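Please keep the sequence and the structure in view while reading.

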Amino acid sequence: MFNHKKANGPIFPYFIPVLIGLIYMAECAIHPLEIGALAQRSFTFFYAFSMGAICAATYCVRYNKLPPIVKNLELLMLICSIALILALPALARSTSRVVNIGGGNHQAISYTAALAFGVIYCSLQRHTAFERYRIFNLSYYPPIAILILVLLTIVCIIGGGRGGSVLLIVNLLVCTYILSKKNLWKISLGIVGVAIALLILSSLSIDGIDRLIENGFERSFAFIGDKGIDLENGSSGRDRVYLNAVSLFLDRPLLGYGIFGEYIVCQNTIHQPYPHNVFLEALLQLGIVGFVILCVVLLKFFQKLSKLVGRGGYYIYLIPIATFALVMLQFSGTYIFCPSFWFILIVAFAYKSRAILSIITDKNP
């Protein structure tokens with residue numbers, strides 16, 4: 001507030017929490033019977049988790065704080081990677097079919113490993129025009145990073161999280177496409193090295209690890225059957241959730257049940273407060289109107305994000321943040337209190353004026 005004269009960029013995202021509050025009060029007034037404890041909890045969770053992300057993203061854009069965020073994101077994900085790798089012996093000694101580590105379940109293991117994979121992959125770019133911690137500029141960092149990527153892949157598979165496994169594959173494909181434009185042979189060599197290392201490790205009969213990899217692989221890709229995608233036997237009941245959500249949508253196809261009216265209806269019908277898919281959630285909340293709005297927003301989002309990522313440098317690191325949010329929202333959670341979704345959405349839409357200005361004013365944009 002006291003430094004607003006130094007800022008550049010829109011201020012409207014700061015008012016999104018106010019808009020959400022007005023929507024909640026309006027739905028309470030119009031449909032009081034449909035706003036119960038679940039809706040109230042989701043409303044408070046929005047302010048507990050998402051409002052901080054909205055404010056952080058807006059501040060990041062207005063004061064051009066993406067470079068220090070990326071600088072520390074690299075270090076944080078390197079620490080997370082080392083922690084996950086060091087946990088492998090403990091995981092190997094586990095007798096449980098579903099692995100857990102510390103305070104995190106198998107989903108947390110897979111998603112964290114996949115997110116760290118994307119960030120470490122992006123850190124392989126060499127000639128960056130922003131300040132990094134010294135370790136990432138050392139000549140021997142790339143081969144160490146490739147080894148870390150191999151081990152993170154193993155950790156992700158051992159975790160057995162379906163969403164995390166999909167996220168890792170998406171990060172591999174998207175980051176390879178973006179980074180290989182200027183370093184095709186290096187990226188190709190790295191992928192070949194990772195594939196060979198995984199092949200060798202999978203052929204070794206290391207006590208405990210081979211069993212975990214096999215179990216994790218079965219869980220991660222259980223939704224892929226002999227005849228293609230098999231949600232009935234490999235989605236842990238998500239197929240029934242999705243079918244019931246579609247039935248609820250068909251009962252109110254035009255305007256849905258309201259952003260906060262959705263929760264009690266879903267809980268009573270599918271025994272889940274939301275359908276664990278952002279597109280189905282849009283259909284249930286605002287019907288066809290909401291689905292169209294979501295599709296338009298996502299289309300604009302991808303256009304703006306691709307322009308930012310195309311500039312290279314620290315903008316490359318927006319990829320793993322975006323893929324983490326969007327992939328996760330296809331399988332679990334709700335966008336209402338998903339911080340990474342709100343953060344990347346605000347950055348992509350609000351960074352346009354900031355990015356244009358930096359081309360003119362920054363020596364190292």
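## Gly159 and helix α6

Gly159 is placed in helix α6; helices (H or I, at least four residues) and strands (E, at least two) are DSSP runs, numbered from the N terminus. The model is predicted, so local features need pLDDT of at least 70 and side-chain atom pairs count only at pLDDT 80 or more, while totals for chains, interfaces and linings use all residues. Residues are numbered from 1 along each chain as its sequence is written, and side-chain values use heavy atoms, with hydrogens and water left out.

Is Gly159 buried or exposed? Gly159 counts as buried because its relative accessibility is 0%; buried means under 20% relative accessible area, exposed over 50%, and partly exposed in between (1.4 Å probe, protein chains only).

Helix α6 covers residues 141-159. Its 19 residues should span 27 Å at 1.5 Å a residue, and its end C-alpha atoms are 26 Å apart, which agrees; the expected span is 1.5 Å times one less than the number of residues. Of the 19 residues in α6, 15 are buried. After α6 comes Gly160, with a positive phi near 80 degrees.

## Thr58 in helix α2

Thr58 lies in helix α2, residues 37-62. With a relative accessible area of 1%, Thr58 is buried. A polar atom of its side chain lies 2.7 Å from the backbone oxygen of Ile54.

Contact means heavy atoms within 4.5 Å. Which residues does Thr58 contact, leaving aside neighbours within four places in sequence? They are Pro10, Pro13, Tyr14 and Ile346.

## The nonpolar cores

A nonpolar core is a set of buried Ala, Val, Leu, Ile, Met, Phe, Trp, Tyr and Cys residues joined through side-chain atoms within 4.5 Å. The largest one has 89 residues, and Phe260 and Phe341 have the most contacts inside it. Helix α5 (residues 106-122) gives the largest share of this core, 11 residues.

A second, separate core has 12 residues, including Val241, Cys266, Leu280 and Leu284.

## The whole protein

The protein has 15 helices and 2 strands. Buried residues make up 49% of its 365 residues. Among contacts between residues at least 6 apart in sequence, 77% join residues at least 24 apart.

How values were computed:
A polar contact is a pair of N or O atoms within 3.5 Å; within protein, one must be able to donate a hydrogen and the other to accept it, and residues adjacent in sequence count only if both atoms are side-chain atoms.
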